[in-house]
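Trainee: I am new to this structure. Please show me how to read its interfaces.

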Amino acid sequence: MKQVLEGSHAVSEAVRLAKAQVISAYPITPQTHIVEAISAYCANGTMNSRFLCVESEHSAMAAVIGAASCGARTFTATSSHGLAYMHELLHWASAARLPIVMAEVNRALGPGWNIWLDQTDSLSQRDTGWIQLYCEDGQEVLDTTLLAFRLAESANLPVMVVLDAFFLSHTFEPVDVPRPEKVDRFLPPLSPRFQLDTANPYAINQMAAPDVYMEMRYNIQFAMDRVLGQYDLLEEEFAAIFDRKHGMAEAVRCEDADIVLVAAGTTASTCRQAIADLRSKGEKVGLLKLKMFRPFPTDLIRQNLARAQKVAVIDRNCSFGAGGIFAQEIKSALCNVDSPPGVFSYIAGLGGRDVTQDTLEEIYLQTKTSHTPARESIWIGLNRELVESWRN
Amino acid sequence: MKKMRAFAEQLPLYLPRSNSSTVGNKTGTWRYYRPFYDEKTAPCSAACPVGEDIPRIEMLAAQGLLRKAWETIMEENPFPSVCGRVCFHPCEASCNRGQLDEPIAIHCLERFLGDKAIRDEKPHELAPPSVTGLRVAIVGAGPAGLAAGYFLSRLGYECSIYEAQKEPGGILRWGIPVYRLPEDVLRKEIQRIQKQGIALHCDTPVNGKLLAEIAKSHDALFIGCGYGRSIAIKIPGEAYIHDGHRLLQSVRAGKSARFRGKAAVIGGGNTALDVARTLSRLGAIPVILYRRRKQDMPAFAPEVEMALKEGVELKELVAPIRIEAACDPSSVTESGYQVTLQKMKISAGEVRGRARAIPDGTKTEILTVEHVFRAVGAEPEAFWNMESGERSRQLSLSHCKILFRERPVVYGGDLTNEIKSVTDAIASGKQAAMALDIYFKKGRDHIESALQDHLVESGPALSMSAYLGRGRANRTSHLVSFDEINTDYFLSAPRIVPATLSAHKRSRSFMEIEATLSKNESIKEARRCFNCGICTECDYCRIFCPEVAVTVDKAKRFINLDYCKGCGICVTECPRNAMVMGEEKL
Amino acid sequence: MAQLNIPMQDYLNPGHLGCPGCGATIAMKLALRALGEKTVVVIPACCWGILAGPYPQSSLNVPILHTAFATAGAAASGIRAALDLQGDTETTVLSWAGDGGTFDIGFQSLSGAVERNEDCIFVCYDNEAYMNTGVQRSSATPFGTRTTTTPGQDWKKTRKKNIVETLAAHRIPYAATASIAFPEDLIRKFQKARKMKGCSRFIHVLAACPPGWKIPSDVSVKVCRLAVQTNVFPLYEVQDGTHYCLNNEGHRPVIDYLKIQGRFKHLTRADTERIQAQVDKDWQLLIKKSAK
């Protein structure tokens, strides 16, 4: 049934439908609406679940790790500093092979304190072994959250569902909220591969010496590889019930594009309008929307970008000393391709600064008129006066 | 559908999850030092002349296994009710608990266990001995002879005891007053010995003729006839002095006269005390005349105190030099005597470990009394003097002497013992029994070395239990000292004090002074015992072992050497030093 | 033997990697005897993380969840929630952390769990330093101790944090101290804690460490007894954070406890007197709190 929901509630509705059993979270703007809604559902009995109001994000992840180790379906949500605080345990959750699902609202890291959209928080956790799925709109958020539980429980890997601060989390859109029976067909109750059980006692997560550790790590990579291979099958199952599909990435008019813009999240949504307008002016431009970031769908990226002459990657994040993170990954995916396109890396929209169609057109023009990128990362939309004020 | 199933296909998981136990690691390879269960000797057992297994007795009593505790006594001593009353308990003087608070009232517990067994009237079930077919004749049914009979019959010898008096018991029956040792208690314990199949011939004094006869019809002889003759005092007026031993004997024979007035008792030993206290009960006012000081008296100090409490007067540092009849020398009945006492003083130097008293100049004192008794010692009847004979035909042991004639003749009891006590007499009977058994089974040359194997600590007490190859044989002779006890495990608690008759009541009758403990009191007192050196199954070794390497099988504990790391906690924690750390034997 | 009220079934296996004489091992051994087989143990980073056995072994016959250092309280809470939802309110969730995972890095999650009154038993087995990483000081290290991070003249000059008092301030329904040298008392407390379902319980167990305390391996139990007998580590229980009950009164001077441990051997007479004064003061305060 179609409802007008803010992005946060697309998450909480999915969590309700998924019948997550143990939820533990610590509030941080702009994740709060997610956990408040779930907390209300637990309190009024809509969800027969436990909500643990822990005293920090680190404990929130620890609590769901504990619960998942006992075979419960678990969920948490966070953002920015909360995610950073959980960092140690993000590594832990994936190596413990726990099917935890987390909603992560992309928000800037401080100082200075900044509660608005920035992708650095989730991307700087790319090495933690979590599956990362980026969402563009409210429907995608709900669908991805449901998918995340199935995916996590099949691969025994935790899944992060990423949505933009405010632009998505607090934006109201029509969202189809499916009926519980339909969801149950797609998402049966969790049947854990292992769990703590006094009738069959064993220890988990203990010391692993050099002679076995690497093989355990390899098993994680193995699972990640399988996810890449199996994700389409999962989406087909989902589509068969809900008649929707999002793909690991979405190529919009890339077949004959000279220049392809690459973006994730709501930025991709703005890109759609931008390339439609540019195309109408005769520009041969396309969009590759990134959804799955981990595991990184290298083959799909190559397929969709190989024919382009130039690629303009829009990063609303920065790995200082290196550059935009999406750009680095795209470059690395393209490095062994025959005559790869030139990759232009743009840093834009940090800390909630808007990325408008004008921004995107500027990016397109700069890409079109430059033979090669002027520098490794080009910062777009800087306030020149402000920069000059401290530069000289 | 195939595609759906394909996605649901389970991924192989490889993560840190245990599938086996650490029991696969034999951590025993870590150690270089290991614990051993090592039962040792308690000082009380070593001090006991008959080497009773006191820590074990108290352990069993503390657990309420009273019958088993009694049987443990009976292994080494057939007279618990007797000894619990009359033994001077050197065990208690050496008791390690005494260094924490107060020694265990071992003699009270022994008495309780003995009395309970008498009350229960259950026979003593002994393992039937392998009959040797040999016969031993025993002269004297005192504690030495009776003990010899008891132990010899347990070893399979047919015994006959020849006793001059009309009832057996020796000093137990005819010497010690009934307020210390009631008659029925003694009778029951003697009867139990008899029931083992010993032939007892009372009213049968052994003269030369009878001695020759029984020598011929037996394979060995035990002479335990005791000191039957009291030593006289050679001073003017000695005829006026009555024999204290004979007084005691006549009282025990039921012929007790009454006495009035003051009665002097010359002597300082236990007999002198018994005489004085008996006189007190017969109506007299006794005064003991002793040539040294109170602390020099050979009598058992607690008995001295009891005597004084009963109104017996003690005159120290006096020696009678003359006795004269007072007033009317022609009177037939006693009418009083004047005793001239030489005052004595202690001089430097000792004689045989005792302070030396010498006359204090010419100071004298006159004491007027109605009666004079002597109790200055006894000696054997001349008939029983041991032959000096050839050295090579004799073997002197700590508590007996063996003459090897046609058949071995063993002298024991007071005849041979350095310490003339009831318990030493029993020890003598035991030693004689073991010596004879070794003689008959292995030969004369093996006696001393074989006896060495069954000493309690370094002796002289011997353990019959060890001789018969029972558990006690495994105890080491290391004597457990107080420092080796882990006192952390013991809370201070007072020693039980048995009920006693008031001093007023005591001196009016021959009723037994001290009561037997109740069962609850006994168990409570037994629980105070450290049980030095033996395992009481307290289980602290097993409770604390970090390696779960202590196992129990049929009440015995074992160290699992596959896992023991040699940390030593078990040994350090053992409350009673029943373990030891030692090197690995590779 | 008949006098002891100690259950005999062990859930600890031999073959574990504990140092000879390890007090922490004895603590776990006794605790599990009291709690029984329906127990899930959460172990954050600490000596027990190693004692529990490396892959593929386990030294316990109960399920164990190893977790990150700071997380015992939170992980235990999550396990409890999951078990309750599965309809299992009988299984005890036992959080088993060292002093680091309780007093320091783990304090936040413990405090949070206790404030939420989570239905778990939280145990700190306290060897008074970060022993697993090589004897570095913790906030549980007593005044006067030399550790590798309070070496030489920099021996620890601040007092031991009082974790039981801290949790009493949370009004935890049940908190108690225990010592491995008093097994019956320890087991009684664990059995009592097990029966108090539906709320938080905390037990602080003193567990000696031979290499860290610089004592021979055979006196681990004895030194934990001396700690109680000298009132350095009193045995007591607190109900609802306000009702104090003393279980033992010590009468020995602290020097008896200090002199047998190498970690204190640098202390002068003045230092010892200072410690005695501190112990006496704390003891008097405890008496006051326990007075009816």
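**Reading the contacts between chains**

Mentor: Start with one pair: the side chains of C:Arg225 and B:Asp488 form a salt bridge, 2.9 Å from N to O. The term means a side-chain nitrogen of Lys or Arg within 4 Å of a carboxyl oxygen of Asp or Glu. This is a predicted model, where local features need pLDDT of at least 70, side-chain atom pairs count only at pLDDT 80 or more, and totals for chains, interfaces and linings use all residues. Residues are numbered from 1 along each chain as its sequence is written, chains are lettered from A and ligands numbered from 1 in the order in which they are written, and side-chain values use heavy atoms, with hydrogens and water left out.

Trainee: How many salt bridges cross the interface of chain B and chain C?

Mentor: The rule finds three there. It also finds 25 residue pairs in polar contact across that interface, both residues at pLDDT 80 or more. A polar contact is a pair of N or O atoms within 3.5 Å; within protein, one must be able to donate a hydrogen and the other to accept it, and residues adjacent in sequence count only if both atoms are side-chain atoms.

Trainee: Which element gives the largest share of the side of chain B that touches chain C?

Mentor: That is α20(B), with four residues. Helices (H or I, at least four residues) and strands (E, at least two) are DSSP runs, numbered from the N terminus. By type, this side of chain B has 16 nonpolar, 12 polar and 10 charged residues. Ala, Val, Leu, Ile, Met, Phe, Trp, Tyr, Cys and Pro count as nonpolar, Asp, Glu, Lys and Arg as charged, and the others, Gly among them, as polar.

Trainee: How do I judge the size of an interface?

Mentor: It is often given as the accessible area lost when the parts come together. Here buried area uses a 1.4 Å probe and is summed over both parts. Chain B and chain C bury about 3,100 Å² between them, with 55% from carbon and sulfur atoms. B:Thr22, B:Asp488 and B:Ile543 supply 20% of what chain B buries against chain C, more than any other three residues. The contact (heavy atoms within 4.5 Å) takes 38 residues from chain B and 41 from chain C.

Trainee: In what sense do β1(B) and β2 of chain C pair?

Mentor: They pair in the parallel sense, over two bridges. Strands pair if DSSP finds at least two bridges between them. B:Ser20 has C:Gln57 as its bridge partner in β2(C).

Trainee: What area do chain C and chain A bury?

Mentor: About 2,800 Å², 67% of it on carbon and sulfur atoms. C:Tyr55, C:Leu85 and C:Gln108 supply 21% of the area that chain C buries against chain A, more than any other three residues. Two salt bridges cross this interface. In one, the side chains of C:Arg116 and A:Glu55 meet at 3.0 Å, N to O. α3(C) gives the most to the side of chain C that touches chain A, with 10 residues.

Trainee: Which residue stands opposite A:Ile204?

Mentor: C:Leu65 in β3(C). Strand β9 (residues 203-204) of chain A and β3(C) run parallel, joined by two bridges.

Notes:
Buried area = accessible area lost by both parts, 1.4 Å probe.
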